[in-house]
Amino acid sequence: MWRSFEEIPGDLGRTVVTVGNFDGVHLGHQHVVRRAREAADEVGAEQVVAVTFDPHPIAVLRPEHAPQALTTVEGRARLLAASGVDAVFALPFDRDVAGWSPEEFVDRVLVGALRARAVVVGANFRFGHRAAGDVAFLVEAGATRDFTVEGVALDGGPQVWSSTYVRTCLAAGDVSGAAEALGRPFSVTGVVVRGERRGRELGYPTANVPVGPLATPADGVYAGWLRRADTGESLPAAISVGTNPTFDGERDRRVEAYVLDASDLELYGVEVEVSFVERLRGMVRFDGVEALVATMADDVARARAVLEV
Ligand SMILES: Cc1cc2nc3c(=O)[nH]c(=O)nc-3n(C[C@H](O)[C@H](O)[C@H](O)COP(=O)(O)O)c2cc1C
Ligand SMILES: Nc1ncnc2c1ncn2[C@@H]1O[C@H](COP(=O)(O)OP(=O)(O)O)[C@@H](O)[C@H]1O
């Protein structure tokens with residue numbers, strides 16, 4: 001990942017460039033990247049480069065309207081690489097860049113920095129000051145600058161995949177809908193912290209991951225997986241998202257994962273990725289610990305069935 005113009009190698013060969021926010025790197029984004037990869041073979045370009053913006057333009061221009069992001073810029077870069085791009089240019093976005101005309105963006109980024117031979121973007125892609133640039137503008141600009149342009153339709157059947165759609169699914173707890181749009185389960189990543197030390201007493205120790213600035217599924221109970229970054233192991237889990245309303249006292253919102261059939265894990269300080277496969281139920285404020293524990297046993301049985309373990 002290049003994070004400034006200076007980091008882009010000066011001896012870059014001709015490239016195929018794809019541009020977008022790519023938040024979540026959903027199936028629509030993956031489709032655009034696949035087309036860019038094919039275009040690279042067609043025109044004989046050496047590399048596919050994805051240009052994305054960091055921070056998200058809306059976070060700079062209208063922070064009060066900025067939605068919660070699905071991915072960090074590092075997460076986006078990793079997912080884009082897995083989808084087939086060779087390099088990511090995370091263009092530092094500020095008010096100065098926001099003021100660039102479409103022509104300035106083309107000349108500075110696509111041609112000047114990245115030596116584009118072809119540009120592949122979503123058909124609805126808009127860019128430059130006041131979003132004045134679109135695919136038609138790119139086609140015209142490319143004609144005099146030796147690059148071709150392809151606008152790729154982002155529809156995946158009946159549903160047009162979008163980051164907004166994924167956020168709406170997550171806010172409703174519909175993690176299977178989110179997974180369908182993403183082409184993989186939605187996940188959160190973090191380092192396991194200590195909690196109230198209650199889990200072990202209840203018979204269900206839970207690895208607690210604090211909720212950060214990124215989107216998180218609605219409060220509730222889910223079946224999913226906990227992947228340890230240190231060993232790479234993926235372990236089946238029953239996951240709770242919320243503030244543990246059964247117990248009094250102010251608490252932060254947390255993602256807590258109980259790994260099925262294990263009680264001897266040492267996860268404090270370990271980076272984990274918790275992914276959400278299916279929603280089991282909403283968060284409940286139980287009258288007592290007994291009712292909670294009985295329901296957790298039921299959650300675990302259902303998680304086992306969902307995950308087929
Ligand atoms: C499968 C599962 C379901 C849960 N459901 C609820 C719930 O409905 N209501 C609630 O208050 N807490 C729920 N919890 C959270 C527990 O209250 C929490 O894990 C326990 O208090 C341990 O907290 P600690 O990790 O801070 O020690 C659930 C946890 C798991 C793993
Ligand atoms: N099956 C398991 N699932 C999750 N964490 C486990 C499991 N077995 C042991 N652990 C360990 O126990 C810790 C959670 O225990 P718990 O009593 O809930 O304490 P805390 O309140 O600090 O989270 C986890 O962070 C992990 O290190």
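Tutor: Let's start with a term: a salt bridge is a side-chain nitrogen of Lys or Arg within 4 Å of a carboxyl oxygen of Asp or Glu. By this rule, 17 salt bridges are counted here. The model is predicted, so local features need pLDDT of at least 70 and side-chain atom pairs pLDDT 80 or more, while totals for chains, interfaces and linings use all residues, and side-chain values use heavy atoms, without hydrogens and water. Residues are numbered from 1 along each chain as its sequence is written, with chains lettered from A and ligands numbered from 1 in the order written.

Student: What makes D146 and R14 a salt bridge?

Tutor: Their side chains meet at 3.1 Å, N to O. The limit is 4 Å, so the pair qualifies. Helices (DSSP H or I, at least four residues) and strands (DSSP E, at least two) are numbered from the N terminus. D146 lies in the loop between α6 (135–143) and β5 (148–152), and R14 in the segment before β1 (15–19), so their pairing ties together parts that are 132 residues apart in sequence.

Student: Why can such side chains pair at all?

Tutor: Opposite charges can pair when the charged atoms come close.

Student: Which residues around ligand 2 are the closest, and what makes a residue count as near?

Tutor: A residue is near if one of its heavy atoms lies within 4 Å. Ligand 2 is surrounded by 22 residues, the closest being G195, R197, A262, L267 and Y268.

Student: How much of ligand 2 is buried?

Tutor: Alone it exposes 560 Å², and the protein buries 99% of that; the areas come from the Shrake-Rupley method with a 1.4 Å probe.

Student: Where does ligand 2 sit, and why is that place called a cavity?

Tutor: Ligand 2 sits in the largest cavity. On a 1 Å grid over the protein atoms alone, a cavity is a set of points where a 1.4 Å probe fits but cannot get out. To sit there, more than half of a molecule's atoms must lie within 2 Å of the grid points. β12 gives the most to the shell around ligand 2, with three residues.

Student: What is omega for the peptide bond from D54 to P55, and where does P55 lie?

Tutor: Omega is near -5 degrees, and the bond is cis. P55 is in the loop between β2 (47–54) and α2 (57–61).

Conventions: 1 Å grid on protein atoms, 1.4 Å probe; cavity = no way out; pocket = protein on both sides within 12 Å on 5 of 7 lines; lining within 4 Å.
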